[in-house]
Amino acid sequence: MSYLSVTAFSADANTHQVSLYVDISGEWAHGDRTTQIGWATQASGGQRVHTFQPASPAVLAEAGDQASWGTVIFATDDVSGLTWQTGADTAVRAQAASTGALAGTADANQPRPINASWPVFAFNRALGAVGPAGSGPVVLVIGHVRTPAVSYLGAGLDPWWRTYWAGWPDMLAWFRADRDAARAGAAATDAQVDAWARQAVGIPGAAADQYAALCALVLRQAFGGTELVNRGGSPWVMLKEISSNGDFSTVDVIYPAFPAYLRMSPRWLELLLAPLFDYTEVRGFDKPFAPHDLGVYPNAFGRIGQPEEDMPVEESANMLVMVAALLSRMPAARAGAYATAHYAKLKQWTDYLVANLPDPGNQNQTDDFTGFIAHSVNLALKGIVGIGAMATIARWAGQPSTYAATARSYIAQWQAMAQNSGRTHLKLTYDGADTTWSLKYNGFADRLAATNLVPAAIAAEEASWYVQNQHAYGVPLDPRHTYTKVDWELWAAAFLTGQPAARDALITKAYTFANTTASRVPFTDWHDTDSGNQAGFAARPVMGGALALATLCNAPNGLTGAWPLRGNQLDASGNGHDGSGTPMTTARPVVRTDGSFTVMARVNPTDLGGFRTAVSQDGARVSGFFLQYSGQDGRWAFAMTAADADGAASTRAVASTTAATGVWAHLAGVYDAEAGQIRLYVDGVLRGQAAYTAGWQANGPLAVGRARWNGAAVDAFLGAIEDVCTYDHALPAASISAAAGLATSQVAAYHFDAADASLTLSGGAALGGGYSGTGLALNGSTGFATAQRLVDTSASFSVSAWVQLAATSNFATVAGQDGAQASGFYLQYSAADNAWAFAMLAADQANAAATRAVSPFPPRVDGWTHLVGVRDATAGRLRLYVDGVLVADAAAGSAWAAGGAFTIGRGKWNGGDADHFPGRIDQLKAWTRALTDADVRVIG
C-alpha cells in the first residue's frame, strides 16, 4: 500500500471554493486491457474503499509486468464533503467537473472488460474555502493485495503482512492510522540518505548535491522491486527482474542493486540470499557454479534439469562478493556462523572460478544484451575478486585457504593480459585491439570486499581514460555502442573514489541524464550517452547500485552523530550544523525518535534554576526527547513526549541522585522501543527508568543547549556541554558505562575540521575531504602531522582513527610516538602482511624486534576503515580492532617509554622518518588506558 496526499493552496492570495477529484482506472487490475473485472465500494474502518479485481483471476500469473490476480484497493477518509462514484471515465469525470460532487452510485454493468467504457473508481472531496494557508492534506491510500504472493518450488507463499493481519481491511485501518508516523519516518530516512551521500563525496559542491539527488531518486525503486513473503514462519525477500524478462530473484539483478540493501538494511540482503541458498544447498541444484535465477516471477519453479541462462563466472563471483560484504556488516559471532553454514557451497563456486580463470573463455555475463563475450577483461576481474572474497569468507568460517594467494597470482596475469600497449587503459578483451576498452565497474567489488587486488596505477589509468572518453550523457559501457548503464557508471564512480575527477564526472553525467532526458519513464538504467534517450529497461531495482559510493562509508557501531564541542561546534558525523553560536542545531534529524536510540553528553551546569536541556531533537511543536535537568524534580532526567502537540504529556526517567553545579556529569538517555522503556544513566550508572511506548518521529534538527515546547525554544542550558553522541539503537549498559569512562582518560581528539594550534602539519600535509567533514590529507612520501607527547608507551594506552588508505605498496603508519631511533608504537598498514597491524618494538634501537597484532584480513583501499590499537599493560596484550571487531590479539612484549612527538601519518625507523601514510586520516583519538570491547563499540 502507498499514500497519496493532496493539499490545495491559493496562488493569488485570494480565497477560492475548491473541490478535489481523484480517480484510478481498471487498468490497475490487469495488464491485458480486454480482461473482465468486477468491483465494489464499501465503508471500512472510517474509510470509503473502492475495490476491484479480475473476474476470473489467473493466480500466480501475470500480463505486461502486472499480476493477473489480487485486489486493487483505493481508499480515503469517509468524512463530510466526500462523495464517490464508479462508472465510465467520461461520465464520472463529467459529473465531477459539472457539479463539484459525485453521485454516490456504483456502475452495475459488471463484470466488463477494462477497455469497455473504461470504468474508473473516483472520489471527490469538497474542501470549501481555501486561501494561501492551504486546505490541509487529503490522504488517499492505493494498494494491491495478493494471496499467495509468489510460489517457491510449487508451494504458494503468503505475503509477510498476513502474519500481522487476517485480511486487508485490518491492514488498511492500521496503514491509514500510521500515515503521519510513516511520513515522518520517510522524511528521516531521506535526511539520512542525503547525509550518507554527501559524506561519501566528502567535499561540498555540485557533485555532492548531484549524488545526494541520485540516491534519493533510486531508493524507492530499489526496494519496490522486492517483496517480503512468509516461508514456513520465516521471512524471505523475493526480487523481480522488472521490465526485462521478469526472472525471479536473478542473481545478476540482485548484485547491481545490492549496495542499496547493504547500506540501508544488511538483513534485507541476507533475506534476499536465503532462497538462493535454500535452492542450491537443499533443493538439488547440481551445477558447479551459482544459478542465474529461481524461475520467472511470480513462480520460483527452479530450473533443475532445465536449460537456463547460465552465467557461470558472473553469478558465482556475484554471490561470493555479496556474502563477503554482508559478513562485514554482521556482528562477529553471526558472521562466523553464517560463513560456516554456507562454506561448502561457496567453496564449490570458488573452486569453479579457480579452475576457469584468469581467462573466463567465452561466457555470458550480466550485460547479456551485448551478447556472449570471449576473454572479457571486466568479467575476469569480477571472477578474480570473487576468489579473493572467498579468502575473507574462509577466515570468517575458520577455514584455512590459499584463495588470497591465487587471487593475487591471477590479478598479476590479468593485468599483463588486459593492459594495452600504450599503458593508457585496459582493453575490452585479452585478445582485443589496443583501441578497445570498457567500463571496469567490477573494480568496485574490489573496494567493497577489501580484496584490494587492482593496483592503484590501474585505477588511475582507467580514471583518466573515462574522463577523456565521456560523452554528453555518460561514459559508454564500451566503444562497440554508445549506450551505457547508470548503475554500472555509479559502481565505477565508487571504484574510483580515490580519483575525484573521474568519480565526479561519472556522477555528474548520471545526474545530467536523469535531470534532462526526454525519456520520461521510471528511472531507466540503460540509455544512449549521445542522445540521452532510453535504450531499454525501466523501473528496475538495479538502480540501487547508485548507493555504491555510500557503502564505502559505514559506521559499524551505529553512531549517527558525534560533536566534541571542545572550542567549536564542528560536526564529526556528517549531519551538518548551522554553527551560529549557542545553542547549536544540526541541519537535519539525527536519530529516529519513533524507534530505539541513545543520546549521550558530558555536562557541567552553572545554573540549575528551572528546566535546563542539554540535548533534544525538534518536532514541529515539541521536542521528541529531552536530555535535561528537570526543575520539577530537581534532578537529571530523560523525557519523551506522547505526541507532537502543544502541552503533550511527557514521560520522564528521573535520576535517583541529585545534580550539582560546577561538576561534570556524563548523561545517557536510552529509548528501548522493544522493551517499551526509557532509561537514564548518570556517570555510567543506571539512575532512572520508566515505561514508554508512544514514540513518534521528531523531524527537526538535533539541538544542543535548548529544547522546544509549544512551538518555541525553551530550557536554555547554562554551562558547558561536550562529547555529544547519538546512536541508532539502544546501547547496552556496558557500552554506556564504557562511554562514561572514556572522557576521563582521553588525551586527544583530532577531528581535522579546522586548524588546531596543538598540531603541526609538515611535508605537504593539508586539510581535505575526510570521513566526515574534512580530514588530514597525506601524500604518502613527505606529509605528516605532529603533536606533543600524548601517551606513556610503557603503560596502557589506546589509539583510534578513521583511515582511507590509497595504496598498499609500502608500510603506512597512521599513528606513532617518536623515540630516539624508532616509534614507541605503530598503528599501521603492514606491507609484509598486506594487513592492518598494531606493533611495538622491544627497544628504542635500530632493527629492534617487533611484537605485532596483525589482522587476518587485507585492508580496504580507498574506502574508510575504523582502526583501534590497544596496549593493555595489565593483561600484557596488544589488541587490534578493525571496524569495531577485535581481529588480532598478541602478547605485548617488552615495554619502553617513547618520549618524543606524537606523529600522525608517519613512523620512525632506524632514526629517520618512515612509512608515510598515503591517503586520509580523520577523527584520531588517544587514551591513557586500555580500551575494552565495550569501549570500542561506542567510539568513532
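This report walks through the fold, the surface and the aromatic rings of a predicted model.

## About the model

Residues are numbered from 1 along each chain as its sequence is written, and side-chain values use heavy atoms, with hydrogens and water left out. Because the model is predicted, local features need pLDDT of at least 70 and side-chain atom pairs count only at pLDDT 80 or more, while totals for chains, interfaces and linings use all residues.

## Overall fold

The protein chain holds 18 helices and 54 strands (DSSP runs: H or I of at least four residues for helices, E of at least two for strands). Its radius of gyration is 30 Å, close to the 30 Å from the globule rule for 940 residues, so the chain is as compact as a globular protein of that length. The radius is taken over C-alpha atoms, and the rule is 2.2 Å times the number of residues to the power 0.38.

Of the contacts (heavy atoms within 4.5 Å) between residues at least 6 apart in sequence, 70% join residues at least 24 apart.

## Inside and outside

Buried residues (under 20% relative accessible area, with a 1.4 Å probe and protein chains only) make up 58% of the 940 residues.

## Aromatic rings

If you like rings, there are 43 aromatic pairs here. Rings of Phe, Tyr and Trp (its six-membered ring) pair if their centres lie within 6.5 Å; planes under 30 degrees apart count as stacked, over 60 as edge-to-face and the rest as tilted. Tyr164 and Trp165 make a tilted pair, 5.6 Å centre to centre with 40° between the planes. Ring pairs also link Tyr255, Phe258, Tyr441, Phe444, Trp488 and Trp491 into a cluster.

Notes. Buried < 20%, exposed > 50% of the residue type's maximum accessible area, 1.4 Å probe, protein only.
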